[in-house]
Amino acid sequence: GQQQPPQFYHRRSYDSIDSNSTLPASAHNQQTMSPSSLPQRPLRIGMIGGGVVGGGVYEIIQSRLGASPSSNNNITPIITKICVRDASKQRDFHVDSSTTQIVTDTHSVIDDPDIDMVVEVMGGTTLAKEVVMQSLQNGKSVVTANKALIAECLEEIEGLVHKVNSGGEGKKHVKFAFEASVCGGIPIIHTLQSCYKGDIINEVMGICNGTTNYMLGKMEDGCDYDEVLKEAQDLGYAEADPTADVEGHDVRAKIAILAKLAFGTTVAVDSIPCMGITDISVVDFSYAKSMGCTIKLVGTAARQSEFGEHDGALSVYVSPKIVPNNHLLASATGCGNAVAVDSANLGTASYSGPGAGRYATANSVVADIMRIANSTCASNPFPLSSNIEIDNDYVSPFYIRISFSDGLGIIKSVGELAESQEVSIHSILQQPITDRMNADTVVTTEACRYSQVKALCELIEEEDFALSPPVFMPMITDF
């Protein structure tokens with residue numbers, strides 16, 4: 001279950017990172033080169049964090065880019081400092097002591113005038129925030145994979161980047177890049193920043209968490225939740241405390257970021273309705289299969305339709321979804337991620353690939369580093385700005401599974417309760433009952449609001465026949 005590192009082809013690195021370091025011999029042999037084409041001073045990087053992703057970043061840069069100047073402007077990236085909690089700890093990657101110093105004080109990186117860029121891969125939202133904000137204030141560009149920090153402090157970061165870059169002549173202009181924060185190795189951030197400028201996005205849906213996608217895939221094969229969770233933890237996919245993954249909090253931060261990029265509106269993370277996968281069971285997959293569907297944990301940001309198509313408020317939410325097997329999102333298997341973007345010009349476009357892992361995530365970090373080095377990174381990390389109304393009481397058809405002790409009039413009671421909440425029933429699904437004291441039935445609804453179906457389920461739970469709170473989730477029916 002452990003990821004095997006890719007084959008690295010080592011190139012000769014600079015013997016010294018001093019600003020007066022001699023050029024490689026090949027440069028001296030090319031006497032006719034213009035000064036602008038000669039290798040410049042290396043891009044000096046300080047990295048905060050030396051764990052799984054940090055190790056991958058270091059390996060890629062040292063082995064593939066360390067002696068290979070950027071093709072556009074001859075800038076070579078070199079990691080000169082790595083800040084870690086314990087300098088004596090054994091690393092799972094080789095650190096070249098001739099070019100890289102291990103330190104334990106973040107200020108030795110963020111306050112070092114010789115460091116041009118800070119890469120934050122430590123995680124968290126406390127010390128990491130101090131690192132990011134102080135680095136930007138000190139005129140250093142920042143690359144981060146920290147989705148929780150970005151989602152929580154999005155406007156603050158955006159405002160600081162603008163403030164620093166408005167400093168006038170002679171001031172350093174900083175860039176803030178965060179490709180690795182959403183969907184690991186899939187370049188969805190850069191895509192939304194640059195590839196939809198002449199388009200109008202209607203909806204973004206994403207499978208943004210590899211752990212839960214792996215677990216749901218196993219449950220579809222017949223394994224129960226507890227068994228799958230333990231397997232995911234044993235394989236290192238899930239943390240000892242899996243709450244952030246299985247309760248949807250990880251996806252919630254990521255869809256907040258995607259919503260800002262796609263629609264220009266900042267959505268408070270705590271305002272996003274969030275349902276995880278802890279209530280999903282094998283029986284839900286059985287019913288989904290009977291409808292030609294599967295179940296995925298999906299983050300959604302979509303414009304509602306008020307007077308026309310997608311002209312209304314923006315709804316952002318996280319929930320398991322009933323997904324047709326022929327939908328683009330259904331193709332994401334194992335720990336894979338996928339994002340589907342619906343827009344006026346392109347219709348639906350999909351982006352899929354590895355959502356996590358040492359080298360997949362590190363690849364996105366390195367891509368950001370090189371975009372900044374080549375001056376192709378977005379000058380504004382969040383190019384769109386809008387005042388679209390937020391309405392997270394989203395509209396969708398819903399799937400409702402009711403666990404009950406069999407008796408007369410159950411369907412009639414459910415119908416009456418649905419009518420009381422102005423919820424229209426689309427269909428009733430019933431598998432053969434093998435235990436009359438513990439059975440299930442499924443009701444699917446026409447499109448209604450989240451608040452309506454939530455209220456309906458609360459009423460059903462109060463009925464004598466109900467054995468547990470009904471499980472409900474939105475359905476993708478038209479695409």
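Start by selecting helix H2 (residues 52-65) and helix H13 (residues 358-373), whose axes come within 8 Å and cross at roughly 60°. Axes are lines fitted to C-alpha atoms, for helices over the stretch in contact, and angles run from 0 to 180 degrees between N-to-C directions. That makes H2 oblique to H13 (under 35 degrees counts as roughly parallel, over 145 as roughly antiparallel, 65 to 115 as roughly perpendicular and the rest as oblique). Helices (H or I, at least four residues) and strands (E, at least two) are DSSP runs, numbered from the N terminus.

The model is predicted: local features need pLDDT of at least 70, side-chain atom pairs count only at pLDDT 80 or more, and totals for chains, interfaces and linings use all residues. Residues are numbered from 1 along each chain as its sequence is written, and side-chain values use heavy atoms, with hydrogens and water left out.

The contact (heavy atoms within 4.5 Å) includes Val53, Ile60 and Leu65 of H2 and Tyr359, Val366 and Met370 of H13.

Now move to the open sheet of four strands, ordered E14-E15-E13-E17 with antiparallel pairing. Two strands pair if DSSP finds at least two bridges between them. Strand E14 (425-429) and strand E17 (471-474) stand at the edges with a single partner strand each, so one side of each has no neighbour in the sheet. From one strand to the next, the twist averages 20°.

Select E13 (residues 398-404) and E15 (residues 439-445), which pair over six bridges. Ile402 has Thr441 in E15 as its bridge partner.
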